[in-house]
Amino acid sequence: MTIETRKLGSQGLAVSALGLGCMGMSEFYAGFDDAESVATIHRAIDLGCTFLDTADVYGPYVNEELVGRAIRGRRHEVVLATKFGNVRGPERQWAGVNGRPEYVKSACDASLKRLGVEHVDLYQQHRVDRSVPIEETVGAMADLVKAGKVRYLGLSEASPETIRSAHQTHPISSVQTEYSLWTRDPEAAVLPTCRELGIGFIAYSPLGRGFLTGRFKTADDLPADDYRRHHPRFTGENFQKNLDLVRRVEEIAREKKCTPGQLALAWLLARGPEIVPIPGTKRRKYLEENLGALRVRLAATDLSRIEAAAPLDVAAGPRYPEQAMRSVNA
């Protein structure tokens, strides 16, 4: 199939309109199978879904190694994005956020080694370090561009003020934030800021961590070791309330002769040419289903119905546990 490309920012970065989030191949979601994950990446590249997103913290570290193995011999076919800033301790525990210039550079060198590449196309600050001026962090990232280790720069979960300050220090090509039918928060300020400054927008968790696909009918549908069992939107009364949203999405999807997940992705794609969703999967069948969203055409009346079914703040529960919420929109 032919997949259109979209521009992230005005510096020249072009990526497939749908990317592939690789996080779940190594952590958080149950059922890991490296062979199937590598096959999924290969299938994505074959189909033209060539924008791959990973991070050093996933695993930790092993997701970059997996992606590196998968693209060996095919590096020239992909746009490779990774992230730094979230730190894990020796027992895999969370150890805070680090945006100090010396850490930025050492983290990049480590990522390049794990990925087995000479440069990454998009290097993103995973979370903003509130203790370090963004100008210092981005200044170090800019040094990596000058050194040829990084081509373009991005931020993740940054506030409009941080985005502006970062962009003044060095052109920012993309901002990555959770965005979906049940997380429309970016529409208030982050997305307008990106549009004003000519910065691309990467939508992660565009399927609501799988909830919007309609695959989960009860909490028991989640494997015992799946972290979503502890996620606010997947627990208690919130789960049942959020099912109401899914039922509304399913009804419209049936009329459009597509899956709920495809409808959710098509809605995001229709929100603007600067938006690139990166649904994550570790299985080829779900990859192919997601890519089917590119064939879904939504008229203005469809978009209005979808947005009426999934208004702002429709989801029950915050999008992260309390502690993790402190590091978003920073």
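Ser156 counts as buried, because its relative accessibility is 1%, where buried means under 20% relative accessible area, exposed over 50% and partly exposed in between, with a 1.4 Å probe and protein chains only. The model is predicted, so that local features need pLDDT of at least 70 and side-chain atom pairs count only at pLDDT 80 or more, while totals for chains, interfaces and linings use all residues. Residues are numbered from 1 along each chain as its sequence is written, and side-chain values use heavy atoms, with hydrogens and water left out.

**Surroundings of Ser156**

- Ser156 lies in strand β9, residues 150-156, where strands (E, at least two residues) and helices (H or I, at least four) are DSSP runs numbered from the N terminus.
- Leaving aside residues up to four places away in sequence, Ser156 touches Gln125, His126, Arg127, Val128, Gln176 and Tyr204, a contact being heavy atoms within 4.5 Å.
- The side chain of Ser156 reaches the backbone oxygen of His126 at 3.3 Å.
- Ser156 and Ser205 are 49 residues apart along the chain, and their C-alpha atoms are separated by 13 Å.

**Helix α3**

- The buried residues of α3 are Tyr103, Val104, Ala107, Cys108, Ser111, Leu112, Arg114 and Leu115.
- They cover an arc of only 165° around the axis, which puts them on the same side of α3; the arc is that of the directions from the helix axis to the C-beta atoms.
- Among the elements that cover the buried residues of α3 are α2 (62-71), β8 (120-125), α4 (134-146) and β9.
- α3 is followed by Gly116, whose phi is positive, near 70°.

Technical notes. Polar contact = N/O pair within 3.5 Å; in protein donor to acceptor, adjacent residues only side chain to side chain.
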